[in-house]
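Colleague: I am new to this structure and would be glad of a close look at one part of it. Please take cavities and pockets as the subject, and explain your terms as you go.

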Amino acid sequence: MDDARYMREALELAARGRGFTSPNPAVGAVIVKDGEIVGRGYHERYGGPHAEVNAIAEAGARARGATIYVTLEPCCVWANTPPCVDAVRRAGIRRVVAATEDPNPRVSGGGIRQLRDAGIETEVGLLRHEADELIAPYRRFCNTGLPDVTLKLAMSLDGCIASPPGGARWVSSEPSRERVHAMRAACDCVMVGIGTVLADDPLLTDRRPGASRQPARLVLDSGLRTPPDSALVRSASEVETIVACSEDAPVDRQSALEERGVRVWRCAVSGGRLDLEDVLRNLARDGKLDVISEGGADVACSLLESDLVDRIAFFVAPTTFGPEGLAAFERLGPGWWERARRLRDVRWSETGDDRLLEARVCRRSGAPETSEGSLTCSRAS
């Protein structure tokens with residue numbers, strides 16, 4: 001069906017904005033008249049025009065009487081830019097096909113109602129699942145005040161994320177590491193624990209040729225042990241770097257990091273560890289809605305125990321490390337496995353010699369996705 005073909009193109013356009021639009025969602029739009037695409041647009045960056053406005057600008061006068069395919073319900077409220085429903089109306093568009101509703105409570109369904117009230121034929125739901133996945137970080141924030149968290153791990157067949165002492169430095173293949181760089185490019189923040197920083201001195205950037213942007217980096221470091229001469233701190237003036245610590249972390253260490261351009265956040269502590277939910281809420285308030293955790297076993301288990309993982313990306317290498325390897329989930333007791341959540345949208349793919357498992361983690365049955373943060377989201381610009 002042509003409608004589905006045009007919407008798929010709109011989704012492909014929207015994906016180009018990933019990593020650039022937060023805290024706004026990634027949105028794409030295609031305008032079609034007499035079977036010909038006359039306008040294309042996507043939300044290219046936060047603060048810039050929305051997808052509908054860009055598509056209408058390209059279509060010009062040809063938008064009159066046309067159909068616009070848009071991956072998210074057009075907004076109907078003023079923020080830094082005028083409502084998109086007004087632009088659609090002024091352009092003389094005859095029909096709107098939207099993939100999904102805007103989860104923002106300030107908009108949700110309002111844009112659709114205004115379009116229909118203006119006599120514009122409006123349909124909702126075409127390729128809804130694909131569109132919902134594209135805006136998952138935005139939806140998660142609107143519903144909970146939290147970012148969408150992907151747990152990324154590279155592991156052996158026997159579930160180890162590091163080889164025995166003196167073994168190979170890398171678990172995964174070079175193509176897998178290249179894939180991780182692409183994942184970083186599409187997210188807002190890469191998160192690791194202090195153990196990873198001390199053991200590996202990582203840079204956590206997209207180092208592919210021609211990389212156009214870098215995600216922020218956040219270190220979970222309750223005692224501010226991050227070395228001032230680490231790769232992360234040395235590059236903090238070029239790539240946003242945050243260290244989350246406890247309220248009683250040494251002030252002199254904070255000053256030493258801040259002098260080098262690091263942002264230091266003092267966060268709540270729970271059970272002797274940083275409260276990861278508090279850290280993640282701070283990230284969301286800072287506009288970072290799409291987060292990848294590349295920390296080690298300790299961070300992975302803490303996220304899983306706190307039910308803060310929304311998506312997994314496990315790179316599985318065709319090797320085993322045996323009992324001396326570092327097990328990914330050893331800290332998770334039998335009680336956790338008994339209440340482990342199921343996966344959906346499971347997908348396996350090949351990356352070099354490895355296999356990549358990607359999936360969404362199902363929300364626990366009956367667990368509400370509401371919080372005071374749900375009222376703070378907005379397609380602000």
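Modeller: The lining of the largest cavity is made up of 8 nonpolar, 4 polar and 3 charged residues, where Ala, Val, Leu, Ile, Met, Phe, Trp, Tyr, Cys and Pro count as nonpolar, Asp, Glu, Lys and Arg as charged, and the others, Gly among them, as polar. The model is a predicted one, in which local features need pLDDT of at least 70 and side-chain atom pairs count only at pLDDT 80 or more, while totals for chains, interfaces and linings use all residues. Residues are numbered from 1 along each chain as its sequence is written, and side-chain values use heavy atoms, with hydrogens and water left out.

The search works on a 1 Å grid over the protein atoms alone: a cavity is a set of points where a 1.4 Å probe fits but cannot get out, a pocket is an open set with protein on both sides within 12 Å along at least five of seven lines, and lining residues have an atom within 4 Å of a point. Grid points are joined across faces, edges and corners, and a volume is the space filled by probe spheres set on the points. Over the whole structure, 1 cavity of 30 Å³ or more is found, and the largest cavity holds about 130 Å³ of space. Of the 15 residues that line the largest cavity, Thr21, Ser22, Asn24, Ala26 and Pro137 lie nearest its centre.

The largest pocket has a volume of about 1,300 Å³. It is lined by 47 residues, and those closest to its centre are Thr196, Asp200, Glu294, Gly295 and Gly296.

Two or more lining residues are given by each of α1, α5, α6, β6, α7, β14, β17 and β18, and the lining of the second largest pocket consists of 14 nonpolar, 4 polar and 14 charged residues.

Leaving aside residues up to four places away in sequence, Ser176 touches Phe315, Thr351 and Asp354, contact meaning heavy atoms within 4.5 Å.

Several of the strands named above belong to an open sheet of 9 strands with mixed pairing, in the order β11-β10-β9-β8-β14-β6-β15-β18-β17, where two strands pair if DSSP finds at least two bridges between them. Strands β11 and β17 stand at the edges with a single partner strand each, so one side of each has no neighbour in the sheet. Strand β17 runs antiparallel to β18, joined to it by 7 bridges, and Trp348 has Leu357 in β18 as its bridge partner.

Key
Helices (H or I, at least four residues) and strands (E, at least two) are DSSP runs, numbered from the N terminus.
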